[in-house]
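Please examine the sequence and the model below.

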Amino acid sequence: MESLVLALQDPETRENALLDLSKKRDMFVDLAPVLWHSFGIVPALLQEITSIYPLLSPPSLTNHASNRVCNALALLQCVASHPETRALFLNAHIPLFLYPFLNTVSKTRPFEYLRLTSLGVIGALVKVDDTDVINFLLSTEIIPLCLRTMELGSELSKTVATFIVQKILSDEVGLAYICATAERCYAVGTVLGGMVTALAEQPSVRLLKHIIRCYLRLSDNPRARECLRRCFPDQLRDPNFTAVLKDDIATQKWLQQLLMQLGYTQ
């Protein structure tokens with residue numbers, strides 16, 4: 001492991017080292033602390049990220065360039081996931097380097113892969129319930145970036161972005177932030193409704209589960225309940241549509257609870 005980490009320092013050997021380490025990262029328990037505390041490694045990873053900024057607009061990102069930077073992002077996800085380095089990663093504001101990738105709109109494979117891998121880093125941060133993480137993400141305007149991906153990403157990207165919003169909502173700080181104004185409630189409700197409508201054409205139980213969890217958590221707030229009633233998708237009250245959940249008992253229960261809280265069922 002140490003030799004591969006050292007190889008990241010040299011621009012000549014970095015590309016192969018990125019590939020090898022990203023493939024083998026699950027084999028090395030202490031990879032994250034070693035990456036973080038080794039001289040020059042984090043700046044080298046950030047250099048990989050910033051080097052493709054000029055390719056974002058106009059969109060000219062190649063598969064090769066996308067794969068290379070996604071290998072660097074995979075190592076940063078490792079750092080974001082590790083309990084010893086998560087707070088250090090956050091305090092250094094490293095997620096901000098990923099936000100330009102989430103701001104892209106091209107649907108080509110290199111951009112989609114870049115968005116998905118970037119969301120994976122943010123997803124790793126929110127997996128552990130930590131209000132400091134939620135405060136950081138809210139203060140740096142992650143919600144609009146997630147909503148953008150929820151509107152135009154692939155099914156997998158939409159799922160990860162919706163999971164991030166769900167985790168933010170599950171924290172009291174996150175729920176209070178999104179429900180602080182009718183505009184924020186409506187923005188989230190409208191995007192969730194749009195995704196449900198799209199699922200009528202291309203069903204995805206995995207994505208629908210996260211959408212329902214978001215709705216259910218929003219319905220805990222009186223202001224959000226009023227807002228949701230105005231833009232709630234009819235499909236979620238249609239047994240033909242919700243039949244896709246027949247094998248997912250937990251999500252069926254969440255949906256019934258949601259409909260009850262919105263006053264659609266007794």
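This is a predicted model: local features need pLDDT of at least 70, side-chain atom pairs count only at pLDDT 80 or more; totals for chains, interfaces and linings use all residues.

Residues are numbered from 1 along each chain as its sequence is written, and side-chain values use heavy atoms, with hydrogens and water left out.

**Helix packing**

Helices (H or I, at least four residues) are DSSP runs numbered from the N terminus. Axes are lines fitted to C-alpha atoms, for helices over the stretch in contact, and angles run from 0 to 180 degrees between N-to-C directions.

| Helix pair | Axes come within | Crossing angle |
|---|---|---|
| Helix 5 (residues 63-81) and helix 8 | 9 Å | roughly 5 degrees |
| Helix 8 (residues 109-127) and helix 11 (residues 155-170) | 9 Å | roughly 25 degrees |

Helix 5 and helix 8 are therefore roughly parallel to each other, a term that covers angles under 35 degrees. On the side of helix 5, the contact (heavy atoms within 4.5 Å) includes Asn63, Val69, Cys70 and Leu73, and on the side of helix 8 it includes Arg109, Tyr113, Thr117 and Val121. By class, this contact of helix 5 with helix 8 has 12 nonpolar, 8 polar and 1 charged residues. Here Ala, Val, Leu, Ile, Met, Phe, Trp, Tyr, Cys and Pro count as nonpolar, Asp, Glu, Lys and Arg as charged, and the others, Gly among them, as polar.

Helix 8 and helix 11 are likewise roughly parallel to each other. Among the residues that make their contact are Glu112, Leu116 and Leu119 of helix 8, together with Leu156, Ser157 and Val160 of helix 11. The residues of the contact of helix 8 with helix 11 divide into 9 nonpolar, 3 polar and 3 charged.

**A buried helix**

Helix 10 (residues 142-152) is largely enclosed by the rest of the structure, because 8 of its 11 residues are buried; buried means under 20% relative accessible area, exposed over 50%, and partly exposed in between (1.4 Å probe, protein chains only). These buried residues are Ile142, Ile143, Leu145, Cys146, Leu147, Thr149, Met150 and Leu152. The elements that cover them include helix 7 (99-102), helix 9 (131-139), helix 12 (172-178) and helix 13 (182-199), as well as helix 8 and helix 11.

**Cysteines**

How many disulfides does the structure hold? There are 0 disulfides, a disulfide being a pair of cysteine sulfur atoms within 2.5 Å. For Cys146, the closest cysteine sulfur is that of Cys214, at 9.8 Å, which is too far for a bond. Cys146 is buried, with a relative accessible area of 0%, and Cys214 also counts as buried at 0% relative accessibility.

**Two individual residues**

Glu112 is found in helix 8 and is buried, with a relative accessible area of 13%. Leaving aside neighbours within four places in sequence, Glu112 is in contact with Gly153, Ser154 and Ser157. Glu112 and Leu152 are 40 residues apart along the chain, and their C-alpha atoms are separated by 9.8 Å.

Asp10 lies in the loop between helix 1 (2-7) and helix 2 (14-24), where it counts as partly exposed at 34% relative accessibility. Asp10 and Gly40 are 30 residues apart in sequence, and 9.8 Å apart in space from C-alpha to C-alpha.

Note on methods. Helices (H or I, at least four residues) and strands (E, at least two) are DSSP runs, numbered from the N terminus. Angles under 35 degrees count as roughly parallel, over 145 as roughly antiparallel, 65 to 115 as roughly perpendicular and the rest as oblique.
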